[in-house]
Amino acid sequence: MENNHVNSTHPKVDINYRRKKSAEEMRHQVISFSLMIFLTLLSFAAVGFDGFSRWFVIPVIVLLAVVQVIFQLYYFMHMSHKGHSMPALFLYSGLVVGAVTILAFATIVWI
């Protein structure tokens with residue numbers, strides 16, 4: 001028994017649409033992966049270059065790490081797709097709780 005579910009009356013249209021969407025998704029993932037490799041190389045270059053001070057390198061690396069996390073969430077974990085609102089809510093809630101916790105501990109230690 002075959003399980004052929006198609007959205008239109010013409011099955012070739014659905015196959016072509018899925019191939020087009022898959023190719024587009026793969027292109028986005030390859031571009032995202034290339035950008036993440038570039039950002040990683042950029043952070044290694046920032047650490048390896050003696051002209052930058054430590055106070056410049058650390059925030060730049062943290063910023064590049066945040067950008068890479070965003071790429072990971074939206075492209076590799078497919079958070080940009082429809083139907084991922086509850087996992088996104090939990091991820092962002094955890095992010096807020098983590099940020100508030102880090103901020104609270106940093107202010108307790110510095111004061």
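Start with helix H2, which gives the most to the nonpolar patch, with 5 residues. Helices here are DSSP runs of H or I with at least four residues, strands are runs of E with at least two, and both are numbered from the N terminus. This is a predicted model, in which local features need pLDDT of at least 70 and side-chain atom pairs count only at pLDDT 80 or more, while totals for chains, interfaces and linings use all residues. Residues are numbered from 1 along each chain as its sequence is written, and side-chain values use heavy atoms, with hydrogens and water left out.

**The patch**

Select Ile58, Val62, Val66, Ile70, Tyr74, Leu91, Tyr92 and Leu95: together they make a nonpolar surface patch of about 690 Å². Patch residues have over 30% relative accessible area and no salt bridge, and nonpolar side chains (Val, Leu, Ile, Met, Phe, Trp, Tyr) are joined within 5 Å. A salt bridge is a side-chain nitrogen of Lys or Arg within 4 Å of a carboxyl oxygen of Asp or Glu. Now colour helix H2 (54–76) and helix H3 (85–110); each supplies at least two residues of the patch.

**One residue**

Next, pick valine 62, which lies in helix H2. Its relative accessible area is 48%, so valine 62 is partly exposed (buried is under 20%, exposed over 50%, partly exposed in between, with a 1.4 Å probe and protein chains only).

**The whole chain**

Finally, show everything. The protein has 3 helices and 0 strands, in the order α-α-α from the N terminus. Of its 111 residues, 13% count as buried. The accessible surface (Shrake-Rupley method, 1.4 Å probe) is about 9,500 Å², and carbon and sulfur atoms hold 72% of that surface.

Conventions
Patch = residues over 30% accessible without salt bridge, like charges linked within 9 Å, V, L, I, M, F, W, Y side chains within 5 Å.
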